[in-house]
Amino acid sequence: MENEFDRKIGRLTKSAAYLDYCEEVYGCREYLFNMMDKAQLDDLFGLVPLTQEDTLLDLGCGFGRILRLLSKKYGCRGTGLDLLPPSLTDTADDRIAYIQGDIDELADFKLSPTVTICVDSLYFSKDLDALLCELSRITQKRLYLYYSQYLFNGATPDKRSLQKDHTPVADILNKCSIPYETIDYSENERALYENSLKALKKRKGAFESEGNLDLFEEKLREDTLGKQLYDG
């Protein structure tokens, strides 16, 4: 895990070219690695009701940028849970604690957040039914899940799963009688891939001058595949 972090994310967090890329694509001069565009980030930072009295759980927090930004904005305490070692996370704020662990072992950590967010991390769960039930139990109605559903080549083309109320997450919530509301950001994600490719291509020289051409090419392949999935 640490070797992979150092090889890719650790290098990108030191890249001025990547920081410039993030500012253009995400509208936020922070090192971000998820599929949220500026509109989604604005919603997250502005619509999630937080106060100084809240305790925020970021499930699958990565190295903690979003958690830190929310904690700083609202003055709340936060907990990040991820497989990354805490030494690799953003530890500048003493209001935030990090736990190294598997999201499927959430119940073992005996957490009591008042608000939980989960950004692009549910894919890592091996038992999504149990995880969503546990999240609903400990957070009640203040749970915000960001999840993307794709149809990959070679898979059975079940386009019903692309409908916002029939994704695997929605099916589990319905099965467990957990009420929810859905915001469909499909067009935002399509635009994000297009904007990302444009922003990357104009910075190829900057990545190369930093010695990060391999990371540029890897990110370019990832986003090209993402755009192809949407176009297909």
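**Exercise 1.** Against which helices do the buried residues of helix 7 pack?

*Solution.* This is a predicted model, in which local features need pLDDT of at least 70, side-chain atom pairs count only at pLDDT 80 or more, and totals for chains, interfaces and linings use all residues. Residues are numbered from 1 along each chain as its sequence is written, and side-chain values use heavy atoms, with hydrogens and water left out. Begin with the element itself: helix 7 covers residues 186-201, where helices are DSSP runs of H or I with at least four residues, strands are runs of E with at least two, and both are numbered from the N terminus. Next, list its buried residues (buried means under 20% relative accessible area, exposed over 50%, partly exposed in between, with a 1.4 Å probe and protein chains only); among them are Leu-192, Tyr-193 and Ser-196. Finally, with contact meaning heavy atoms within 4.5 Å, the buried residues pack against helix 2 (16-26), helix 3 (38-47), helix 8 (204-209) and helix 9 (213-231).

**Exercise 2.** Decide whether Lys-110 and Asp-120 are buried or exposed.

*Solution.* Lys-110 is found in the loop between strand 3 (96-100) and strand 4 (115-119), and its relative accessibility is 71%, so Lys-110 counts as exposed. Asp-120, in the loop between strand 4 and helix 5 (128-139), has a relative accessible area of 17% and is therefore buried. For Lys-110, phi is near 55 degrees, a positive value in a residue other than glycine, and for Asp-120 phi is likewise near 55 degrees.

Conventions:
The expected span of a helix is 1.5 Å times one less than its number of residues.
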